[in-house]
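Here is a colleague's note for someone opening this structure for the first time. Please keep the sequence and the 3D view side by side while reading.

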Amino acid sequence: MREPLERYLDLFDKRRGDVEDLLETLLDMDFDKVDDQTIVAVLGNPALLEAFRYLPGPPISKDDLAVLAQTSLSHKSLTQPTRARAVFQTVVEGLDRRRFPWVSENREPTEAERLTAVVASTSLIASQRLATDRRNESKTLQEASVFAALESINFRRVATRRMNTLADAPARGEFCSEAMLGDRKADVVVRLWDQRVLAIECKVSNSATNSIKRLNNDAAVKAVHWTSMFGTQQMVPAATLAGVFKLGNLVDAQKKGLTLFWAHDLTALVAWIQRTAARDG
């Protein structure tokens with residue numbers, strides 16, 4: 001509830017023009033007569049491509065659209081008429097008939113219908129963009145807090161690297177971020193004083209339902225994978241958590257070998273790391 005209304009309104013104003021341009025370019029036309037040049041021009045524009053994904057009911061994610069259209073959504077791919085048309089047809093088949101009733105009825109939209117479609121579509125885009133931005137900002141802030149906590153006990157941040165074995169990990173008292181640990185990316189990788197490697201995932205959840213995806217289907221799965229690959233004696237998978245998590249999901253993640261810390265109280269993480277010095281040697 002404390003999320004500033006101004007951010008939503010700003011996103012709404014920025015995206016409304018894209019939706020209006022898209023509708024003017026595509027939805028006033030007979031889809032069977034839309035030429036390849038127009039499709040490539042629309043889908044090759046990142047802002048219009050995003051608006052285009054919100055035409056179906058419900059909107060379709062980039063990942064799902066790529067799977068259903070059986071093509072990449074890269075700019076290079078979408079400049080190829082055949083691939084661009086495959087994406088176009090996939091979205092058109094799922095067009096929201098409630099927002100765009102005139103399309104299936106083969107007629108011109110009324111001014112009221114057009115305005116309703118623009119406002120509804122723009123609201124969908126702005127709401128989703130705001131939610132995504134909030135998650136990304138929360139994750140970024142959480143990672144920064146972990147970095148600060150590590151640096152407060154004289155751990156040094158070093159360059160990100162690929163770690164095929166634990167010998168590739170940072171040296172004792174060092175850490176790196178966004179690194180490939182085996183074949184999975186870790187948010188933070190720390191070499192503890194006792195030589196073990198601590199892999200930290202930073203997770204933010206806005207609801208108990210969402211916590212399953214963030215924690216159990218991601219961080220806990222990585223924990224099982226990393227301990228299987230590198231061994232329980234050398235690897236400590238962990239997660240710092242912020243937001244709302246269901247108790248049962250937390251317990252399940254711990255049973256899978258994931259050590260949990262709360263982002264609002266990183267003193268517990270710091271204290272635990274400092275105790276590893278007693279195991280040194």
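Predicted model: local features only at pLDDT ≥ 70, side-chain atom pairs only at ≥ 80, totals over all residues.

1. The protein chain has 11 helices and 6 strands. The C-alpha trace spans about 80 × 40 × 30 Å along its principal axes.

2. **Burial and contacts overall.** Of the 281 residues in the protein chain, 44% are buried. Take the contacts between residues at least 6 apart in sequence: 59% of them join residues at least 24 apart.

3. **The largest nonpolar core.** In soluble globular proteins, nonpolar side chains tend to be buried together. Here the largest nonpolar core has 33 residues. Leu27, Leu43, Phe52 and Phe100 have the most contacts inside it. Which elements give two or more residues to this core? They are α1 (5-27), α2 (36-43), α3 (46-53), α4 (62-69), α6 (81-93), α7 (101-104) and α8 (111-152).

4. **A second core.** There is also a separate core of 21 residues. Among its members are Val188, Ile200, Phe261 and Ile273.

5. **Phe52 in detail.** Start with this residue when viewing the largest core, where it is one of those with the most contacts. Leave aside residues up to four places away in sequence. Phe52 then touches Leu22, Leu26, Leu43, Val87, Phe88 and Val91.

6. **Helix α3.** Is α3 mostly covered or mostly uncovered? It is mostly covered, with 6 of its 8 residues buried. The buried ones are Leu48, Leu49, Glu50, Ala51, Phe52 and Arg53. Note that Glu50 and Arg53 are on that list. The cover over the buried residues of α3 includes α1, α2, α4, α5 (75-78), α6 and α8.

7. **The largest pocket.** Its volume is about 640 Å³. It is lined by 24 residues. Gln128, Thr132, Arg135, Asn136 and Arg214 lie nearest the centre of the pocket. By class, the lining has 7 nonpolar, 4 polar and 13 charged residues.

8. **Where the lining comes from.** Four elements each supply at least two residues of the lining of the largest pocket: α3, α8, β4 (197-205) and α9 (208-230). Which element gives the largest share? It is α8, with 6 residues.

9. **Thr90 and its partners.** Thr90 is found in helix α6. Leaving out residues up to four places away in sequence, it touches Leu65, Leu68 and Ala69. Thr90 and Leu65 are 25 residues apart in sequence, and their C-alpha atoms are 7.5 Å apart.

10. **Two further pairs.** Thr79 lies in the loop between α5 and α6. With a relative accessible area of 37%, Thr79 is partly exposed. The C-alpha atoms of Thr79 and Gly44 are separated by 6.3 Å, although these residues are 35 residues apart along the chain. Gln254, in helix α10 (residues 247-255), is also partly exposed, at 45% relative accessible area. Gln254 and Ala220 are 34 residues apart in sequence but 7.9 Å apart in space, C-alpha to C-alpha.

11. **A cis peptide bond.** Which two residues does it join? The bond is between Gly57 and Pro58, with omega about -5°. Pro58 lies in the loop between α3 and α4. Please look at this spot in the model.

12. **Positive phi values.** Two asparagines deserve a check. Asn106 has a phi near 55°, a positive value in a residue other than glycine. It lies in the loop between α7 and α8. Is Asn106 buried or exposed? Its relative accessibility is 70%, and the cut-off for exposed is over 50%, so Asn106 counts as exposed. Asn154 has a positive phi of about 70° and is not a glycine either. Asn154 is found in the loop between α8 and β1 (156-157). With a relative accessible area of 67%, Asn154 is exposed too.

Technical notes: Residues numbered from 1 in each chain as written. Heavy atoms only, no water. Core = buried A, V, L, I, M, F, W, Y, C linked by side-chain atoms within 4.5 Å. Buried < 20%, exposed > 50% of the residue type's maximum accessible area, 1.4 Å probe, protein only. Contact = heavy atoms within 4.5 Å. 1 Å grid on protein atoms, 1.4 Å probe; cavity = no way out; pocket = protein on both sides within 12 Å on 5 of 7 lines; lining within 4 Å. Points joined across faces, edges and corners; volume = space filled by probe spheres on them. Nonpolar A, V, L, I, M, F, W, Y, C, P; charged D, E, K, R; others polar.
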